[in-house]
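The following exercises are to be worked through with the sequence and the structure at hand. Each task is followed by a solution in steps.

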Amino acid sequence: MTIIDAHTHLWKKQDTWVDGKRILSLKNGRSIFMDEEVQMIPPFMIDGVNSAEVFLSNMNYAQVGAAVVVQELIDGNQNSYLTEVQQQYPDRFFCMGMAWTLDEAQVAHAAGLKGIAFPGHRMQQSLLTLMPIFKYMEENSMVLSMCLGDDEKQIDEMKEVIQECPRLKVAIGHFGMVTTPSFRSQVLLAREGKNVMIESGGITWLYNAEFYPYPSAIRSIKQAADWVGMDRLMWGSDYPRTITAITYKMSYDFVSKSAELTDEEKDLFLGQNAFQFYGFKNLPELPYIKNMSE
């Protein structure tokens, strides 16, 4: 089975402010997050660096062929580091930039970044103010990653973006904020255009109270497939924050081990849809390596 992760994060260091609150990498996987000390990443990542090399080790172990790297305000702008990652590992990563102006989008594209990620759920302004960027992305075959808020406020705006940019590839993140009232409306955005997909980054976080093997998450995946088809859905882990609670492999094997989904549905959701959507090529063969404890 081809497995591709459609929603991950990498950073050299977190060092930023959001809404006047501090976010700063510390040691032993901890960070100051919104002025509070939290376990941001696993404690073995002792230097605060969430590197491509550590992630590749996790990917190889879990037999994940490739990953899409998006960005979030809470991690600070990582364009410089992700440009290095894209150049060094072009077959394993699809790295997205962060841009808030047309000039910044053009710089990101020139640097070789493959798309632009917008944490729309943290935006105060209308999505429509970004229309010049979206049109530039459409013209230059860049992919848009968009995470929306947990209410209905941005749905109509997102519909207008899809209608105005019909050739723009759009991936709606966080599985449409599956545990919130906007879930159905976000998923149904995939009906607005042939290039719109829904990816499940963060689904294990949203169902964290239920925990592994996340039976409600499986039901939500089946529900979304009923609404828009399994060919519009992609798996995403939200690595590395989610693996403070579970291992990286557990972030997808609750799907691969489920008796509620067919083998074909699992194949589409876990990799084939993302393979086609992002245009990956030259994926490595990753044989299963037995654990010493088996």
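**Exercise 1.** Determine whether Gln63 is buried, partly exposed or exposed, and describe its backbone.

*Solution.* Step 1: Buried means under 20% relative accessible area, exposed over 50%, and partly exposed in between (1.4 Å probe, protein chains only). Step 2: Gln63 has 24% relative accessibility and therefore counts as partly exposed. Step 3: Gln63 lies in the loop between α1 (52-62) and β6 (66-69); helices (H or I, at least four residues) and strands (E, at least two) are DSSP runs, numbered from the N terminus. Step 4: The phi of Gln63 is near 60°, a positive value in a residue other than glycine. Asp35, in the loop between β4 (30-33) and β5 (36-39), also is not a glycine and has a positive phi of about 70°.

The model is predicted: local features need pLDDT of at least 70 and side-chain atom pairs count only at pLDDT 80 or more, while totals for chains, interfaces and linings use all residues. Residues are numbered from 1 along each chain as its sequence is written, and side-chain values use heavy atoms, with hydrogens and water left out.

**Exercise 2.** Describe how helices α4 and α5 cross, and state which residues make the contact.

*Solution.* Step 1: The axes of α4 (residues 131-139) and α5 (residues 155-164) come within 10 Å and cross at roughly 35°. Axes are lines fitted to C-alpha atoms, for helices over the stretch in contact, and angles run from 0 to 180 degrees between N-to-C directions. Step 3: Contact means heavy atoms within 4.5 Å. Met131, Phe134, Lys135 and Glu138 of α4 meet Glu160, Val161 and Glu164 of α5.

**Exercise 3.** Explain where the buried residues of α5 lie around its axis.

*Solution.* Step 1: Ile155, Glu157, Met158, Val161 and Ile162 are the buried residues of α5. Step 2: They cover an arc of only 160° around the axis, so they are on the same side of α5; the arc is that of the directions from the helix axis to the C-beta atoms. Step 3: The face turned away from this buried side carries the exposed residues Asp156 and Gln163. Step 4: The buried residues of α5 pack against α4, β9 (143-147), β10 (169-172), α6 (183-187) and β11 (196-199).

**Exercise 4.** Classify the aromatic pairs Phe118 with Phe134 and Trp235 with Tyr248.

*Solution.* Step 1: Rings of Phe, Tyr and Trp (its six-membered ring) pair if their centres lie within 6.5 Å; planes under 30 degrees apart count as stacked, over 60 as edge-to-face and the rest as tilted. The whole structure has 19 aromatic pairs. Step 2: For Phe118 and Phe134, 5.6 Å centre to centre and 80° between the planes give an edge-to-face pair. Phe118 is in strand β8 (residues 115-119) and Phe134 in helix α4, 16 residues apart. Both Phe118 and Phe134 are buried. Step 3: For Trp235 and Tyr248, 6.2 Å and 40° give a tilted pair. Trp235, at 0% relative accessibility, counts as buried, and Tyr248 is buried at 3%. Step 4: Trp235 and Tyr248 belong to one aromatic cluster, together with Phe55, Tyr89, Phe93, Tyr239 and Tyr252.
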